[in-house]
Number of protein chains: 2
Amino acid sequence: MTMDYDRLFSADVPSFMRSPVREIFRKVKLSEICSFAGGYPATVTFPVEEIKRLPGVVLEKYGTSVLQYGSTQGAMPLREVLSARYGVPLANIQVTTSSQQGIDVCTRILVDPGDIILTTEPTYLGALQSFKAYRADVRSWEAPLTEEERRRVKFLYVIPDFNNPSGETMPLPERKALVDLARKRDCLIVEDSPYRELRYEGEDVPTLYSLAPERTLHLGSFSKIFAPAFRLGWIFGPEPVLEQIFVCKQALDLCPPVLDQYMAAEFMGAGALDANLVHTREEYRRRRDRMLSLLERYMPEGVTWTRPEGGLFLFLTLPVGIDTVALYDAALARGVAYVAGSFFFLDGSHRNTMRLNFSFIAEEKMEPGLRTLGEIIAGAMA
Amino acid sequence: MTMDYDRLFSADVPSFMRSPVREIFRKVKLSEICSFAGGYPATVTFPVEEIKRLPGVVLEKYGTSVLQYGSTQGAMPLREVLSARYGVPLANIQVTTSSQQGIDVCTRILVDPGDIILTTEPTYLGALQSFKAYRADVRSWEAPLTEEERRRVKFLYVIPDFNNPSGETMPLPERKALVDLARKRDCLIVEDSPYRELRYEGEDVPTLYSLAPERTLHLGSFSKIFAPAFRLGWIFGPEPVLEQIFVCKQALDLCPPVLDQYMAAEFMGAGALDANLVHTREEYRRRRDRMLSLLERYMPEGVTWTRPEGGLFLFLTLPVGIDTVALYDAALARGVAYVAGSFFFLDGSHRNTMRLNFSFIAEEKMEPGLRTLGEIIAGAMA
């Protein structure tokens with residue numbers, strides 16, 4: 001019996017976006033190429049021995065309740081260590097099942113089809129996927145708006161620290177301007193901050209949450225400081241908004257993974273996270289520096305790139321006219337993957353840019369990969 | 001600075017329902033009362049030693065990829081053991097971050113505000129929460145529909161095995177009638193099946209998925225056969241529908257918890273699940289039998305109850321006119337909690353019913369709890 005499934009889908013479904021990055025990973029075996037594409041952390045940063053030990057530790061400490069259903073808001077020991085580390089009151093902390101869920105649930109409770117989300121650019125693809133899936137009207141934060149449009153602005157989305165994809169950090173004056181804009185538009189700010197702990201040089205800049213706690217939803221993640229397998233993140237935000245997120249989350253998945261939360265709490269609270277971060281930052285600083293020096297060596301004149309103070313990415317700009325989307329298949333055929341920069345722009349512009357990840361690629365592949373990429377770009381420029 | 005947050009919430013937010021069960025747990029300390037309220041599994045059924053051992057086992061077997069981001073569709077070893085155990089092709093299996101997420105994502109991709117979901121009654125509260133949060137128009141499967149309404153029917157929701165809350169199992173002729181109805185309405189079936197492995201007597205009845213695989217989304221759960229802490233479930237369904245769930249799930253949380261999936265795969269594949277199930281079923285059969293005999297002893301004449309062949313619940317019917325919602329505070333004051341049955345009916349009717357859970361309560365509390373409950377009911381009847 002054949003069925004017409006299309007008839008049954010919701011009106012949101014045609015707006016669902018496939019992640020071009022995840023589609024790349026469906027098609028190729030990572031082990032067979034030099035991939036600068038994904039945003040995976042280096043497996044050497046995972047605290048493997050801790051992770052083997054932690055289930056026993058938390059079972060001993062808390063008993064079998066760590067295997068039961070848990071609180072929707074998050075396990076108290078985890079909320080307590082987050083509160084202590086970041087100086088945020090317990091009532092302003094919601095644990096999420098990944099910071100992607102944080103993005104999704106903020107959009108879910110705030111956005112109706114046609115509502116406007118403002119974003120800085122370039123911006124995170126996974127956020128655009130969530131926004132589009134709710135049929136939001138996503139605009140550049142700098143775009144002019146009519147009076148009617150202003151009333152439909154729900155929040156301003158930004159990754160101020162070590163932006164994905166550009167690697168750049170927003171300086172304080174720009175953060176203040178952004179808060180001013182949010183006040184003017186009377187909208188919230190969603191501050192996506194998965195990389196903030198990964199700073200390799202320079203000084204921390206105050207979070208938007210610290211500048212405007214009454215209107216900021218600050219999203220954090222354990223994926224880059226513990227392990228992505230755990231799908232754990234958090235939201236700091238004003239109580240009236242967290243209250244709706246709480247009720248929404250009951251219906252989404254009841255509670256975040258419980259044993260994982262206790263393990264994360266123990267890892268963070270007992271100092272193991274800080275010890276591991278020292279080693280993680282060293283690893284990534286070294287990789288970033290190596291990538292910067294290899295780019296100097298292999299990129300033809302006319303190519304420029306960002307010099308991130310932290311995070312996992314840097315962003316290449318080729319001469320105008322060179323199209324990284326068009327070059328992609330040729331690069332893959334020569335065993336090199338990247339993500340075309342235009343995917344991170346709302347209008348698909350900036351086709352002469354690309355995102356390179358330096359955290360995940362096997363170190364021995366970095367040089368041959370960038371040499372090949374340099375040749376491909378030089379060929380296209382010729 | 002005070003903000004008008006209400007102005008910013010989506011039009012769905014006023015339809016969000018708080019779970020009355022989860023609200024009970026916010027207010028009382030479970031250890032201080034005799035609670036027949038929640039749907040928690042018994043902690044003695046958790047395979048504690050396995051859970052301590054499994055991270056080391058899967059890290060040894062698969063390497064550090066078990067700590068990395070994973071496939072959106074679910075980790076291959078887990079999909080393989082699910083496929084082998086239940087005889088479902090790999091392409092028809094999506095792993096979910098809890099079976100609550102299964103309910104939510106099915107609703108998300110199928111339902112627009114005003115669309116109709118048909119349900120058997122009484123039915124699972126967490127499903128009603130998801131349905132209402134998308135502003136579905138939820139109707140009894142037996143209610144008459146106009147021609148226009150028929151076109152808006154998206155799916156039929158049912159818990160055929162050991163229903164939550166009634167504990168009852170749908171016999172085969174009724175399952176066939178339900179499939180016929182779905183064919184007539186040309187809609188899908190969402191078969192919610194978290195308890196199917198927990199049968200204490202009698203014979204398995206074929207799943208709706210086996211009767212109508214082309215139109216059934218079958219939801220399974222590890223919460224009752226491994227541990228709820230893991231937030232892992234699965235969907236079996238037709239590929240064109242799973243494809244949309246897959247794309248939606250990228251934006252929801254990228255992938256289910258990865259280490260947990262490998263642990264579940266190892267637990268299920270290596271035979272430990274079956275060994276643990278023997279002991280789990282024995283434990284619950286004993287508890288069910290004890291509750292049935294205590295009800296015989298302590299309930300006044302005129303009270304009846306279901307005799308479930310499996311699952312975690314039974315359902316009490318008091319004489320018409322006795323209101324379990326009104327009795328609730330008095331019961332709680334005397335240290336006994338239950339869930340009023342009317343919460344599980346769309347129209348809030350059946351106020352003379354209640355759900356009792358027999359899996360979670362400490363065994364020594366079962367007798368005093370039911371004795372007190374019997375006294376309260378007898379008092380109300382007097």
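Predicted model: local features only at pLDDT ≥ 70, side-chain atom pairs only at ≥ 80, totals over all residues.
Reader: What makes the relation of chain A to chain B that of a two-fold axis?

Author: A rotation of 180 degrees superposes chain A on chain B, with 0.0 Å of shift along the axis and an RMSD of 0.0 Å. That is the relation of a two-fold axis.

Reader: How do you know that the copies meet through the same surface?

Author: Of the interface residues of chain A, 100% are also interface residues in chain B, so the copies meet through the same surface. The contact takes 65 residues from chain A and 66 residues from chain B.

Reader: Which element gives the largest share of the side of chain A that touches chain B?

Author: Helix 9 of chain A does, with 9 residues. By class, that side of chain A has 37 nonpolar, 17 polar and 11 charged residues.

Reader: How do you know that the reach of helix 11 of chain A is close to the expected one?

Author: Helix 11 (residues 272-298) of chain A has 27 residues. The expected span is 1.5 Å times one less than the number of residues, which is 39 Å for helix 11 of chain A. From its first C-alpha to its last, helix 11 of chain A reaches 39 Å, so its reach is close to the expected value.

Reader: Why are some residues of helix 11 of chain A called buried?

Author: A residue is buried if 20 or more other C-beta atoms lie within 10 Å of its own. In helix 11 of chain A, the buried residues are L273(A), T280(A), Y284(A), R287(A), R288(A) and M291(A).

Reader: What covers the buried residues of helix 11 of chain A?

Author: The cover includes helix 10, strand 10 (313-317), strand 13 (353-357) and helix 13 (363-381) of chain A.

Conventions: Residues numbered from 1 in each chain as written. Chains lettered and ligands numbered in written order. Contact = placed C-beta atoms within 7 Å. Helix = DSSP H or I, 4+ residues; strand = E, 2+ residues; numbered from the N terminus. Nonpolar A, V, L, I, M, F, W, Y, C, P; charged D, E, K, R; others polar. Least-squares fit on C-alpha atoms with pLDDT ≥ 70 in both. Buried ≥ 20, exposed ≤ 12 C-beta atoms within 10 Å, placed from the backbone.
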